Amino acid sequence: MMQETDPRETRRAEAFRLWMSAPMPMVTLFMTMNVSNLARISKRKGLKFNMLMCWCIGKAATGIKEFHMLPVGEKLFRYDSIAVSTIVENRKGEVSSCDIPFSEKLAEFNENYLNLTRQVAESCINHDITESMVIGTSALAKYGIDGAVGMYSGIFNNPFMIWGKYRKSLFRTLMTVSFQFHHTQMDGAHAACFLERLQEVISTLKIR
């Protein structure tokens, strides 16, 4: 559910005043993450690495209040749920987007991920969830990029994460991520806190 809220009654009042009319209100942070645990779980449990990464993103975001608000147009909305979007290669060889509702239960999220991405790949129609605050992602898993900065269209203000191929060494598997966010939604400290929480979720995830 989404509900319009008065910015003056939120912690983002000053940010809303300063950044809503800025020509470029987006900020991007980069971080190199240790994804050894996810790579190991993916291999041993037969789970898609991208699905695990998307779940960890949703898990890390749910505990940060700023992720439950988003500027839309010239208004500020509050959301009671989060979804994570992924890019899907469809049967035409093009790309479509697929929003997956976040669930604390990894098995439920995985089932939705598999079913919805399959549906989008076959139909070539985006699956959009408008009642949740959506975190966009794009995995360029075939390419060893050092980073990427997303574009600002002036239409979509959603936070967005991009990553490329992870790099294996003798003891660790590392992957650089970029995280773009609208300054009205959160400050750099909130974004950095999210990335640290994401690393913690990645490192401590256990599946029996």
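Tutor: Let us start with Asp6, which counts as partly exposed because its relative accessibility is 25%, where buried means under 20% relative accessible area, exposed over 50% and partly exposed in between, computed with a 1.4 Å probe on protein chains only. Bear in mind that this is a predicted model, in which local features need pLDDT of at least 70 and side-chain atom pairs count only at pLDDT 80 or more, while totals for chains, interfaces and linings use all residues. Residues are numbered from 1 along each chain as its sequence is written, and side-chain values use heavy atoms, with hydrogens and water left out.

Student: Which residue does Asp6 form a salt bridge with?

Tutor: Asp6 pairs with Arg8, and their closest N and O atoms are 3.0 Å apart; a salt bridge here is a side-chain nitrogen of Lys or Arg within 4 Å of a carboxyl oxygen of Asp or Glu. Arg8 is exposed, with a relative accessible area of 71%.

Student: How many salt bridges does a search of the whole structure find?

Tutor: The search finds 6. One of them joins the side chains of Glu14 and Arg17 at 2.5 Å, N to O, and both residues lie in helix α1 (residues 13-19), 3 residues apart, about one turn of the helix. Helices (H or I, at least four residues) and strands (E, at least two) are DSSP runs, numbered from the N terminus. Glu14 is partly exposed at 43%, whereas Arg17 counts as exposed at 55%.

Student: And what does the pair of Lys59 and Glu104 tie together?

Tutor: Lys59 and Glu104 form a salt bridge whose closest N and O atoms are 2.6 Å apart. Lys59 is in helix α3 and Glu104 in the loop between β6 and α4, so this pair ties together parts that are 45 residues apart in sequence. Lys59 is partly exposed at 28% relative accessibility, as is Glu104 with 46%.

Student: Changing topic, how much space lies in the largest pocket?

Tutor: About 760 Å³. On a 1 Å grid over the protein atoms alone, a pocket is an open set of points where a 1.4 Å probe fits, with protein on both sides within 12 Å along at least five of seven lines, and lining residues have an atom within 4 Å of a point; the volume is the space filled by probe spheres set on the points, which are joined across faces, edges and corners. Of its 29 lining residues, Val134, Phe156, Asn157, Asn158 and Phe160 are the closest to the centre.

Student: Which element gives the largest share of that lining?

Tutor: That is β7, with 4 residues.

Student: What about the second largest pocket, which residues lie nearest its centre?

Tutor: The second largest pocket, with about 610 Å³ of space, has 23 lining residues, and Asn50, Ile87, Ala139, Leu140 and Ala141 lie nearest its centre. Its largest share of lining, 4 residues, comes from β5.

Student: Is Asn50 buried or exposed?

Tutor: Asn50 is buried, at 16% relative accessible area, and its place is in helix α3 (residues 49-62).

Student: What does Asn50 touch?

Tutor: Leaving aside neighbours within four places in sequence, Asn50 is in contact (heavy atoms within 4.5 Å) with Thr86, Tyr113, Ala139 and Trp163. The side chains of Asn50 and Thr86 are also joined by a polar contact of 3.0 Å, meaning a pair of N or O atoms within 3.5 Å; within protein, one must be able to donate a hydrogen and the other to accept it, and residues adjacent in sequence count only if both atoms are side-chain atoms.
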